[in-house]
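Here's a quick tour for anyone meeting this chain for the first time. Have a look at the sequence and the model, then read on.

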Amino acid sequence: MEVTLSQVLCFSCGVPQEIGQEVCSACGVVMDVSASTRSKSKTTTQTLCFTMGFLGAHRFYLGQWKIALLYIVFIPTGASVLAWFIESIRLYRMSPATFQSKLAQGKI
Ligand SMILES: [Zn+2]
């Protein structure tokens with residue numbers, strides 16, 4: 001397998017990829033997180049979720065306005081608090097790599 005100067009090896013599967021490519025074309029892992037305009041810090045997301053998660057603060061941060069507004073709409077029903085609880089645990093258990101990967105795929 002020949003690697004040119006404009007390529008880097010995928011850290012996950014080892015297949016050469018173009019520099020600056022966000023996602024590996026072979027295995028789909030997120031290669032260059034900084035290249036992604038959607039890149040967000042897991043620490044910030046987690047902190048926002050823990051402190052103001054019932055208001056959907058972490059969803060606003062991630063740019064997911066519709067979900068964030070649902071949090072606010074459902075505050076009186078208590079559903080927001082339940083979602084807050086679930087999301088806090090989910091974020092806490094998620095590794096930073098998994099977080100970035102899911103975020104890049106829009107599956108967070
Ligand atoms: Zn790969």
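Predicted model: local features only at pLDDT ≥ 70, side-chain atom pairs only at ≥ 80, totals over all residues.

## A word on terms

## The overall layout

The chain has five helices and two strands.

Of the 108 residues in the chain, 19% are buried. Looking at contacts with a separation of 6 or more, 28% are between residues 24 or more positions apart.

Helix 1 runs over residues 42-52, and T45, L48 and C49 are buried in it. These three span an arc of only 100 degrees around the axis, so they sit on the same side of helix 1. In general, an α-helix has 3.6 residues a turn, so residues three or four places apart point the same way.

As for the buried residues, they pack against helix 2 (57-61) and helix 4 (79-93).

## Helix 1 meets helix 4

How do the axes of helix 1 and helix 4 cross? They come within 9 Å and cross at roughly 155 degrees. Angles over 145 degrees count as roughly antiparallel, and helix 1 and helix 4 are therefore roughly antiparallel to each other. Their crossing is left-handed.

On the helix 1 side, the contact is made by T45, Q46, C49 and F50, while helix 4 brings E87, S88, L91 and Y92. By type, the residues of this contact are four nonpolar, three polar and one charged.

Note on methods:
Residues numbered from 1 in each chain as written. Buried ≥ 20, exposed ≤ 12 C-beta atoms within 10 Å, placed from the backbone. Helix = DSSP H or I, 4+ residues; strand = E, 2+ residues; numbered from the N terminus. Arc of directions from axis to C-beta. Contact = placed C-beta atoms within 7 Å. Axes fitted to C-alpha atoms, helices over the stretch in contact; angles between N-to-C directions. Parallel < 35°, antiparallel > 145°, perpendicular 65-115°, else oblique. Left-handed = near helix turned anticlockwise from the far one by under 90°. Nonpolar A, V, L, I, M, F, W, Y, C, P; charged D, E, K, R; others polar.
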